[in-house]
Amino acid sequence: MSTSSQEKSKVISNISGAEAVIRCLLEEGVETLYGYPGGAIMPIYDELYKFQDILHHVLTRHEQGATHAAQGYARTSGKVGVAMATSGPGATNLVTGIADAQIDSTPMVCITGQVASHLLGSDAFQETDIIGISTPVTKWNYQITKASEIPEIMARAFYIARSGRPGPVLIDITKDAQFEHFDFGYKKCTGIRSYQPYPILDQVKVDEAIALINQAKKPFIVWGQGVILGQAESEFKTFVEISGIPAAWTILGLSALPTDHPSNRGMVGMHGNYAPNLLTNECDLLIAIGMRFDDRVTGDLNTYAKQAKIIHLELDPAEVNKNVTADITLLADCKISLQRLNEKITPKSYPEWIQRFDELDAIEYKKVIHHDLHPTKPGLTMGETIEMINRFSKGNAVIVTDVGQHQMVACRYAKFNQSKSNVTSGGLGTMGFALPAAIGAKMGAPEREVVAVIGDGGYQMTIQELGTIFQQRLAVKIVVLNNDFLGMVRQWQQLFFDKRYASTEMVNPDFVKIAEGYYIQAKRINQRDELENAVKEMIASDQPYFLEVCVEKEDNVFPMIPSGASVSAIRLE
Amino acid sequence: METKTYTISVYSENNVGLLNRISAIFLKRHINLESFSTSASEIPDVYRFVIVIHVTPDTVRRLVQQIEKQVDVIKAFYHTDEETIFQENALYKVKSSALFEERHIQNIIKNSHANIVTVSPEFFVIEKTGFREETEQLRKDLEPYGLLQFVRSGRISVTKAKMGISEILNTFKNNNN
């Protein structure tokens with residue numbers, strides 16, 4: 001292996017592989033990690049015990065929770081999240097979180113224990129081929145069988161996880177390698193021969209892009225998480241403000257530009273806003289920034305923005321012309337591409353084009369938003385609950401969501417003043433993500449208010465993490481929007497399967513009692529006049545707090561683009 | 001879009017698990033491989049995969065992008081048959097009695113430009129290098145005489161155009177420094 005490197009740290013003689021793993025974590029600046037012990041990783045846990053004053057290990061209640069917590073931590077802190085588990089079932093329980101981190105480009109290092117190297121392949125107790133299992137869902141993975149490999153491989157793991165388009169890395173360490181002693185020295189990885197994470201921007205393309213932008217009469221920006229991952233929020237804001245171009249976000253791009261910024265025209269995609277979806281097929285130039293044209297954003301590709309020229313700012317060469325063919329690709333970190341565009345962009349405004357957005361916004365407000373936020377029916381809506389959270393959080397909270405109706409409603413209506421505030425499972429759509437992710441989100445940004453908004457279905461997939469919240473005394477606020485249904489699936493059954501509600505109705509337990517069982521203050525409301533005080537009390541609390549809001553059972557989320565249809569086929573009812 | 005035969009050439013580090021990682025890219029897209037071979041390359045410590053698939057131009061482009069994205073892959077290319085020089089290698093094991101009793105078999109071997117690798121009292125082994133049609137023809141010709149075993153290697157190929165891996169490696173080295 002050829003790793004160019006800085007000076008090695010001082011050599012520490014004759015330490016165990018297990019201690020070396022801990023020292024590697026410290027060298028990489030890790031302060032917090034999430035995990036669950038077991039046989040094959042016990043030597044490392046034994047070292048964690050010795051280092052507990054400087055390295056905080058959070059015992060989750062399930063290994064899946066450890067990965068989602070590590071993801072939440074990474075998303076609010078911008079650092080690499082770390083999760084740890086034993087071999088066999090411990091390792092396989094990490095897989096959902098790893099797949100989630102892979103598709104949502106979250107930097108994460110997972111460390112798994114493995115049976116001793118002489119037992120590999122013998123179907124030993126708690127042996128699984130986690131390298132084989134995790135290969136398709138990791139950015140990189142490696143099995144360590146000798147202690148001497150630990151420093152270089154751990155350095156690579158962190159470098160690969162955080163550089164370029166971030167992603168999850170799994171390092172599997174056999175038990176004998178954890179016990180083995182060797183002389184430890186650490187050097188951070190600064191480059192790998194076969195891995196070029198930052199393509200060099202072609203200035204000619206920048207000039208071509210500027211020419212296209214100058215010609216455009218109806219330009220439109222769609223931005224994604226690349227703006228956040230590239231720490232390009234300020235460059236992006238400058239670009240939007242100088243260019244005067246209306247901009248809309250993908251679900252993971254949310255919060256990169258404040259909600260109330262005049263150029264922020266809302267969300268694109270299946271449950272996105274009316275104007276940005278419809279006008280995707282009216283614009284003459286689409287500038288895609290740090291987004292990957294996911295099918296939930298584009299709908300039918302054959303009818304997606306066919307009339308428009310396309311400029312794609314993208315870091316990952318594998319995303320270039322993958323789903324949508326761009327006229328110009330700026331292949332580089334979008335922070336750099338935006339800086340270069342900002343040097344040459346001409347200030348402009350598009351009053352008539354903006355007027356189109358305003359007109360369509362008014363239609364959406366009348367048909368959908370008004371009813372969501374100011375309902376006249378007796379049942380509480382998800383929308384008014386989110387609006388109430390906005391009122392008391394003042395747009396300063398981190399909102400962590402799970403998957404389904406509540407997620408779409410929260411993303412549509414939550415207000416954000418600052419970046420890294422929206423934590424959700426976008427690409428994989430992992431139910432059960434929110435509760436453990438909120439743990440990591442709070443620890444990654446301890447000074448911030450963290451509100452987890454979860455449906456009654458997803459909540460029960462990882463409900464045991466209430467134990468972690470209680471044990472860690474984390475002031476996470478949990479709002480369960482309970483409609484006694486798997487709401488999004490029920491909505492599809494209503495609209496596309498003739499109301500055959502197959503296995504979507506839930507008979508739920510007493511959520512308040514469960515929370516109280518974990519010594520968490522809890523409240524249930526089902527009347528509109530209770531909402532204000534309940535949310536006020538929740539936000540004011542400096543402790544964990546559980547609020548169950550019993551909402552209208554059979555509400556639907558609109559607008560909606562039916563699966564596989566054109567963005568132009570967006571429905572308001 | 002029309003499908004075509006493409007040869008993908010991958011230059012990589014020699015790391016355990018990379019084979020799995022590359023084959024997973026095809027598995028994920030439900031693509032069957034026509035052939036797959038791996039060996040050393042012209043550069044020390046750099047390994048080469050030669051993968052043959054029958055897909056559309058868009059699919060092969062996306063596959064190569066995904067392969068190149070892997071951390072341990074240095075560079076991946078794809079080429080049509082016209083852009084490469086390629087060969088396969090086949091071995092045929094036949095009863096020795098056939099060689100002595102059937103004069104015709106000697107003509108088959110001679111005409112096909114195959115080589116006899118070994119002869120023993122019980123069997124002899126013929127080797128043939130060439131295009132798929134040629135090794136396949138020889139198999140058909142020998143079948144009536146009782147083929148004890150037949151095996152064919154995956155395609156190996158070199159490109160007509162240069163790949164410039166050494167230059168790429170030098171650029172990478174400079175980028176990292």
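User: How do you know which residue and chain a label refers to, and what limits apply?

Analyst: Residues are numbered from 1 along each chain as its sequence is written, while chains are lettered from A and ligands numbered from 1 in the order in which they are written. As this is a predicted model, local features need pLDDT of at least 70 and side-chain atom pairs count only at pLDDT 80 or more, whereas totals for chains, interfaces and linings use all residues.

User: Thanks! Why are α16(A) and α23(A) called oblique to each other?

Analyst: Helix α16 (residues 382-393) and helix α23 (residues 528-540) of chain A pack at about 45 degrees, with their axes 9 Å apart. Axes are lines fitted to C-alpha atoms, for helices over the stretch in contact, and angles run from 0 to 180 degrees between N-to-C directions. Under 35 degrees counts as roughly parallel, over 145 as roughly antiparallel, 65 to 115 as roughly perpendicular, and the rest as oblique. The pair is therefore oblique. Its crossing is right-handed, a word used if the near helix is turned clockwise from the far one by less than a right angle.

User: Which residues make that contact, and what are their classes?

Analyst: A:Glu384, A:Thr385, A:Met388, A:Ile389, A:Phe392 and A:Ser393 of α16(A) meet A:Leu531, A:Glu532, A:Val535, A:Lys536 and A:Ile539 of α23(A). Contact here takes C-beta atoms, placed from the backbone, within 7 Å. By class there are 6 nonpolar, 2 polar and 3 charged residues (Ala, Val, Leu, Ile, Met, Phe, Trp, Tyr, Cys and Pro count as nonpolar, Asp, Glu, Lys and Arg as charged, and the others, Gly among them, as polar).

User: What makes A:Val535 buried?

Analyst: A residue is buried if 20 or more other C-beta atoms lie within 10 Å of its own, exposed if 12 or fewer, and partly exposed in between, with C-beta atoms placed from the backbone. A:Val535 has 25, so it is buried. This residue lies in helix α23 of chain A and touches A:Met388, A:Ile389 and A:Phe392, not counting residues up to four places away in sequence.

User: How do you know that α1(A) is mostly covered?

Analyst: In helix α1 (residues 17-27) of chain A, 9 of 11 residues are buried. Among them are A:Glu19 and A:Arg23. A:Gly29 follows α1(A), with a positive phi near 80 degrees.

User: Where do domain 1 and domain 3 of chain A lie, and how many residues are in contact?

Analyst: The domain assignment gives domain 1 (3-192), domain 2 (203-357) and domain 3 (378-550) for chain A. The C-alpha centres of domain 1 and domain 3 of chain A lie 31 Å apart, and 25 residues of domain 1 are in contact with 26 residues of domain 3. On the domain 1 side, α3(A) gives the largest share, 11 residues. That side divides into 8 nonpolar, 13 polar and 4 charged residues.

User: What is the crossing of α3(A) with α18(A)?

Analyst: The axes of α3(A) and helix α18 (residues 434-444) of chain A come within 6 Å and cross at roughly 40 degrees, and the crossing is right-handed. Their contact has 9 nonpolar, 8 polar and 1 charged residues.

User: Finally, how many residues of chain B are in contact with chain A?

Analyst: 22 residues of chain B are in contact with 19 residues of chain A. The chain B side has 6 nonpolar, 8 polar and 8 charged residues.

Note on methods. Contact = placed C-beta atoms within 7 Å. Helix = DSSP H or I, 4+ residues; strand = E, 2+ residues; numbered from the N terminus. Domains from an automatic or database assignment.
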